[in-house]
Amino acid sequence: MGLIINEDFENFMVWNPPEDMGPEGLRKQIDRYAGKSVSTLIFCGNGMRAMFDSCTFEPLWKDVQFEDDGRVFFRGKEVSDSPLPCKTNTVQCRRLYTGYTEHPFDVRSSYARSKKLKVLLSMRMNDIHQAHRADFVMHSDFWREHPEYRREPYKSSPWNGLALDYAHEEVREHFFALLEEYVMRFDFDGIELDWMRTPPYFKPGFEEEGRPILNDFMRKARKIVNRAAEKHQHPMSVYVRVPYSPEHALRQGLDVITWAKEGLIDHVTVSCYFMTSNFDMPLEIWRMLLGDKVTLAAGLDINCRASVSGELTLRNTEQMINGFAASFYYRGADNVYLFNHRDNSSGMVDQASFKRVLDCTGNREEAEKHSRRHVVTFVDLPCQGLPAPAILPLKPEYYADVRVNVGGGVSGRKAYVIASGRNLQDMQELRINTALCSLCAFPESHDGMPGDMANCCAWEIPENALREGDNVIQFLHKTPDSASVEWCEIFIE
């Protein structure tokens, strides 16, 4: 067990001062991530463009002009830091990768290994940040020059309609070139193919015939990695990051189970997209299907939303992460994987809490014994054309049910059902596993709710009513038409 940290492709450049754009700054960042329960660091090197001095993808600073007065121009148009910090990223990226002879990836790899960490590179398989903006500096020449290779070239919202279609051999060869450069040029412990940046990978309705195409892609990818392992004289792992459920992966053309059966992959991370962390991924099913030769991680994004509307939103807190982790380990995960949980305030707001997460949450017993929140969220980015499962908002009538898996280590613990919404103080009954709960004062040790606290209520769970694994909460309101449950969680002290 252990935490896996994915370092975003631009985080280091954007959030560190110019004087840190060198080996010492890179080492300091690894020190910040190297908590007691962290096992693996994964560094991303590309979006559409490479965030390094690549020979196969043009680097971010290609065709960019840097003026003496600090202004930055891309193809004659001034680059700003809106909506993403593109100017800062471009300037710092160029400074980092052209400012000294020792390569940043080599610095990261050797220093992380000295800290007893496994270290991988992450390759984004179809990044589409700001795809609707034709003049955006991060877009590749390949993408600009070949609109015929896009999945849905006729639409710009959502962005993934403008992502590349892997049915085209030219698209696959474009990515093979970068993969081969990554693993042959740099000595890491493996490569992650990040299929969550960004699905889908085929035109709508063509996903089924796309499965054998991606199966062949993965077979060739494995051969490339095996050749690199021979060169570097040590094993190299292949990780993949994929959608939260086997069905949603398969129906997007990602036949992960075949990849596992054929020995093409060593590790699977199942994940949300970006709007929210997913509280109810079917890890038991993944575990049964993958067998025992592939390790399994459950992925968290930094956001926690109760519903698609996003009105009740938080960055993940320490107690939330402990809750996700306790449930995920119980359901079969070998690791917890943090995406966008950065080493600065753009990730978790409270960096002291983040340090405790790095020290504790990669260990099942530690995650279970600390205070934890099990928050109900929804499915972010389901397969195109399938419904997005969402429990909330909920009308509290006819014993409306919510199922929450809390993992293990609950015996003898004081626990609460916490909800936010309209007129919840007039709830006629709230039960958990059929036991009646009583309305009580809000627990002081809870680390914070979104929205108006006046709309929040807490119910104390009777002793021995909370069960390991799944628990079913039932809401019955006196006048359900006047009430709604918009946030729901189980809090364990």
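Guide: Let's start at Met427, which sits in strand S17, residues 427-432 (strands are DSSP runs of E, at least two residues, and helices runs of H or I, at least four, both numbered from the N terminus). Bear in mind that the model is predicted: local features need pLDDT of at least 70 and side-chain atom pairs 80 or more, while totals for chains, interfaces and linings use all residues. Residues count from 1 along each chain as its sequence is written, and side-chain values use heavy atoms, leaving out hydrogens and water.

Met427 is buried, at 10% relative accessible area (buried is under 20%, exposed over 50%, partly exposed in between, with a 1.4 Å probe and protein chains only). Leaving aside residues up to four places away in sequence, Met427 touches Pro396, Trp459, Phe475, Leu476 and His477 (contact means heavy atoms within 4.5 Å). Take Pro396: 31 residues separate Pro396 from Met427 in sequence, with 8.3 Å between their C-alpha atoms.

Now the sheet. Three strands make an open, antiparallel sheet, ordered S3-S4-S5 (pairing takes at least two DSSP bridges). S3 (64-66) and S5 (77-78) are the edges; each has a single partner, so one side of each lacks a neighbour in the sheet. S3 and S4 (residues 72-74) share 3 bridges, and Val64 faces Phe74 in S4.

Finally, the helix pair: the axes of H2 (residues 23-33) and H4 (residues 104-114) come within 10 Å and cross at roughly 40° (axes are lines fitted to C-alpha atoms, for helices over the stretch in contact, with angles from 0 to 180 degrees between N-to-C directions).
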